[in-house]
Amino acid sequence: MSGQRYRPLIAIVAYHLGEDRVARWPEGGYGVPKLYLDALRRAGARTAILSPGEEGTPEEILEPFDGLLLVGGGDIDPTRYGGGSNEHLYGIEPDRDEFEIELLRAADRIAMPTLCICRGMQVMNVSFGGTLHQHLPDLPDLIQHGVPVEGTLTIHEVDPAPRSRLAAVTKAGTLAAASHHHQGIDRLGEGLEATGRTEDGLIEAIERIVPDQQDPRATWMVGVQWHPEETAEHDPAQQSLFTAITLLARLYGLRAKGGEREGRSRAFKIETYDPDWPSRFEIEANRIGAALGDQIVRVEHVGSTAVPGLGAKPVVDIQASVRSMSPRSAYVEPLVQLGYRWALDPWTDEHEFFSRDDDGQRAFHIHVCGENSDWERRHLAFRDWLRTHPEDSTAYERLKRDLADRHPRDPYTYTDEKSEFIRAIEARAAVTA
């Protein structure tokens, strides 16, 4: 990598283009609307277009990629979910249906980050055994959702469910969604949950159920019924969906592959405890408190550098508890002004992450979290336990040194494999609290 930031490669499945769509292409072709690519590239991703007809198993087809995007298009063949033919169906592509369903199920098996948009969300639901309403205008009491074949566009509101991945990614409350779809989810597929609805109760967002939200190897798969790419350039909440999959795809791509020791990240090491770490925290905490003003509730030194005598990566972790996580601009903009890079947390609506380098080396992390949140409680409890239980502090340092030796240049696998120890300590701390 030569120190350069890894840019993930995200696969997008293309539409069929009919014989009359492009001049001098008498056999037709494949294409993806530009706005999807623009939104991914703004987020820092590289893009590659896949088309039905690729040979190989779905895992083989996905192997070069770090993430998967399913986009809009025509209707799914209703025979795939037990529906019948009707006069409103359009744009059916049976080979695309089959290809996308196989890729989606493979992405789930290998925990590849996946975002499904409009038709893509419907494919996601059908892939796991769900069904669709075949023509929404035939249903009573629904608001306008737009009709694609008539070129209509509706902006309606979507309310994300609290503690959902949709809420975590957007952190904006109610969303303004650009919509033009004539079909929608009827029965949810197995292992999916509805995490966004319009005021009429129609499901507008779904996610793969993750039994353990703290499991770093869990699948991140989100579907939205609207078209975030159409307003993403000017609406940060819509762009955040593309930022989220790009971030997750980058982490996926940086990890060491099977049978390899090294990932694609920069090298890191565990250093002997430095008594200057607390004073570095105090100086930075004062800067953070001044920048965030009355939003801040408390600033705490957390992580390994907060435990006297504990060896650690020489990065000072700071936990900044704020009164509200929404809107995120209230804390993102001041911290960026202080020189921090922001990375949204696509898993929880209780946390956002920031980092800053000094002299080219990572120096500080800031974990912004909601006051009285589970995130705040768990990280303070872990720190306090290690401060008062030196035998566990020693065991933790021994584990970290072993993992750092086994996973050079792969801090993500290093972090994953610490999680069992951390959760065990958190559980013990909760019992004695």
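When I say buried today, I mean a residue with under 20% relative accessible area; exposed means over 50%, and partly exposed is in between, with a 1.4 Å probe and protein chains only. Helices (H or I, at least four residues) and strands (E, at least two) are DSSP runs, numbered from the N terminus.

Okay, one caveat before the tour. This is a predicted model, so to speak about local features I need pLDDT of at least 70, side-chain atom pairs count only at pLDDT 80 or more, and totals for chains, interfaces and linings use all residues. Residues are numbered from 1 along each chain as its sequence is written, and side-chain values use heavy atoms, with hydrogens and water left out.

Let's start with helix α4. How many of its nine residues are buried? Nine of the nine, so α4 is mostly covered. That run includes R119, M121, V123 and S127. Just past the helix, G129 has a positive phi of about 90 degrees.

R119 deserves a stop of its own. It sits in α4 and is buried, at 1% relative accessibility. Contact, for me, means heavy atoms within 4.5 Å. Setting aside residues up to four places away in sequence, R119 touches V71, G72, G73, G74, D75, I76, R96, D97, E100 and Q225. Which side chain does R119 join in a polar contact? That would be D97, at 2.8 Å. A polar contact here is a pair of N or O atoms within 3.5 Å; within protein, one must be able to donate a hydrogen and the other to accept it, and residues adjacent in sequence count only if both atoms are side-chain atoms. For a sense of scale, R119 and L251 are 132 residues apart in sequence and 27 Å apart in space, C-alpha to C-alpha.

You'll find H182 in the loop between β9 (175-179) and β10 (184-185). It's a loop residue, but buried, with a relative accessible area of 3%. Its side chain makes a polar contact with the side chain of D75, at 2.9 Å. Beyond its neighbours within four places in sequence, the residues in contact with H182 include H88, Y90, Q134, H135 and P148.

Now the space between things. Rolling a probe the size of a water molecule over the atoms shows where empty space is left. On a 1 Å grid over the protein atoms alone, a pocket is an open set of points where a 1.4 Å probe fits, with protein on both sides within 12 Å along at least five of seven lines; a cavity is a set the probe cannot get out of, and lining residues have an atom within 4 Å of a point. The second largest pocket is lined by 25 residues, and Y15, G72, G73, G74 and Y90 lie nearest its centre. The elements giving two or more residues to that lining are β2 (15-17), α1 (34-42) and α4 (119-127).

So what about α1 itself? Its buried residues are Y36, L37, D38, A39 and L40. They pack against β1 (9-13), β4 (46-50), β5 (67-70), β6 (114-117) and α6 (236-254). Just after α1, G44 takes a positive phi of about 100 degrees.

D141, at about 65 degrees, lies in the loop between β7 (132-133) and β8 (154-160). K171, at about 45 degrees, lies in the loop between α5 (165-170) and β9. Which one is buried and which exposed? D141 counts as exposed at 73%, while K171 is buried at 5%.

Last stop, further along the chain. V316 is in strand β15 and is buried, at 0% relative accessibility. Among its contacts, leaving aside neighbours within four places in sequence, are W277, F281, H301 and F364. V316 is 57 Å from G83, C-alpha to C-alpha, and the two are 233 residues apart in sequence. Strand β15 (316-322) is also part of what covers the buried residues of α9, along with β14 (296-302) and α11 (411-432), among others. Those buried α9 residues include W375, F382 and W385.
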